[in-house]
Amino acid sequence: MTRLVRERDAERGTGAKLWREFAASGVSVGCANTALNPVEVVKTRMQLTGASAAASANPTAAHTTIASLNSIRSSGAASLTPSVSLSGNRSGIAALLNAPSARLLSHNIAALAASTKALPAAGSLYPNPWIVTPAAAPATAAGSASAAAAATAAAEEALAASLRSVAAASTTANSTITGAVSNTTAAALRRPGFLATAGIIYRLEGPWAFSRGIQASAARAVCNGGIRLGLYDPIKTVLSRDGTGFDLHIGQKLAAGSISGGIGAVLTTPMELVKTRLQAPSTTARTVSDVLHDVLSRQGVMGLWSGATPSVLRLILLNGSMVATYDEVKGHIQRMTGWSSGLPLVLSSSMVAGLVTTTVINPADVARAYMQTGRGTSLTSVMRTILAKEGLAGFMKGWTAAYARTGPQTLIIFTVSEFVRPVFGLKVIGAC
């Protein structure tokens, strides 16, 4: 059958062979991605967990509360002298009532308000010289002055006692809020692992959540896989001196895989965007048409290529590392063991290729997920944000989920390819 197909290719030209390359590669990658869509959902959630947690944990507001409490405590200490004015006390009460921790200080606020109300009855600490009061009898004036002084002193003492209580309570609230901020920040930085994330998705959204984006994922896999794997051998043939591709070194194989991967990424970025939006946490879109309508109405046609830069970079790295590593490692194993084909050869080569590929592409994968869910507008700004908030470890978020997907994916792709490509009259990848 292979001989007949090649004879027909000679008659029809290279176009027929490219179509067969596309079909065989699309079947291989489509089978792998469809089977591993649940893992892809978990991986996307893990890569976006840090941004969600950081958004929900708002230490700035809490630190503002602490600063407010410190200010009130300082003003409380200063107000223990009789020189404090009534308007100043009322400003302090207003600031205290506006603080988020007002519930912790409600009893002190009530006492402070009661003390403040007593001051107008006793007279202002600073009498207004422009108000003329009628003259009174000497004995009556002296008695009134003595009573006013006593009432003012009592009000000042009550006010000072209340402010001391406020200062002490604000110290306790300060410690409480500081501890809460520390715990919230630490919790935000502790990201759940692969199994924990899968369990959260199952409990909150049910088992159907693992099928999110499967239509877009399958369509993207067939098209993207058909292009990036289907063009690998033809590009190798162009780069080869004798036209067989067997004389290429590892650098030329990396170039062939990178070129084919870049072409596939540019053409299939809209499918990748739809898939990522459907799998993102807290998404309201349920179908491909929902995502397309939302993107087109907000950003226009070019919005479909949001995150194209990290997507292209990711697939250049992915295809270059995966296919070239598999090709090279398989050749070495064949020469060392004498195996010509079979599952052990494919399994060992695929495991090495999957490990290398996952490590190489994970940083670009994280940046792409951020951009395609609207958490950044450019690759450099997203990478700076991740580096500033989470350090270099932030670029390896979701590595376990990525390998849980990429390892089996690589195995499925090349195992299916070993059987499908000969059916289409094509030689297997990495054949000596």
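The structure described here is a predicted model. With these classes, the lining of the largest cavity comprises 4 nonpolar, 4 polar and 3 charged residues.

The search over the whole structure returned 3 cavities of 30 Å³ or more.

A volume of about 50 Å³ was computed for the second largest cavity. Its lining consists of Arg220, Asn224, Ala265, Thr268, Thr269, Glu272, Ser311, Arg314, Leu315 and Arg368. By class, 2 of these residues are nonpolar, 4 are polar and 4 are charged. Three helices, α9 (214–230), α11 (250–279) and α13 (308–337), each contribute at least two residues to the lining of the second largest cavity. The largest share is that of α11, which supplies 4 residues.

Although α11 has 30 residues, the C-alpha atoms at its ends are only 36 Å apart, whereas a straight helix would reach 44 Å at 1.5 Å a residue. A kink of about 65° is found in α11 at Thr268, shortly before the proline Pro270. Thr268 is also among the residues that line the second largest cavity.

A further helix, α16, spans residues 399–423 and includes Thr415. Apart from neighbours within four places in sequence, Thr415 makes contact with Leu343 and Val346. Between the C-alpha atoms of Thr415 and Ser350 the separation is 8.8 Å, while along the chain these two residues are 65 residues apart.

Confidence in the prediction was also examined. The average pLDDT of the protein is 74, and 63% of the residues score at least 70. The pLDDT is below 50 over residues 118–139, a stretch that has 17 contacts in the model beyond near neighbours in sequence. Residues 180–188 likewise have a pLDDT below 50, and this stretch has 7 contacts beyond near neighbours in sequence. Where pLDDT is low, predicted coordinates should not be read in detail.

Technical notes. Residues are numbered from 1 along each chain as its sequence is written. This is a predicted model: local features need pLDDT of at least 70, side-chain atom pairs count only at pLDDT 80 or more; totals for chains, interfaces and linings use all residues. Side-chain values use heavy atoms; hydrogens and water are left out. On a 1 Å grid over the protein atoms alone, a cavity is a set of points where a 1.4 Å probe fits but cannot get out, and a pocket is an open set with protein on both sides within 12 Å along at least five of seven lines; lining residues have an atom within 4 Å of a point. Grid points are joined across faces, edges and corners, and a volume is the space filled by probe spheres set on the points. Ala, Val, Leu, Ile, Met, Phe, Trp, Tyr, Cys and Pro count as nonpolar, Asp, Glu, Lys and Arg as charged, and the others, Gly among them, as polar. The expected span of a helix is 1.5 Å times one less than its number of residues. The bend at a residue is the angle between axes fitted to the seven residues ending there and the seven starting there. pLDDT is the predictor's confidence in each residue, from 0 to 100. Contact means heavy atoms within 4.5 Å.
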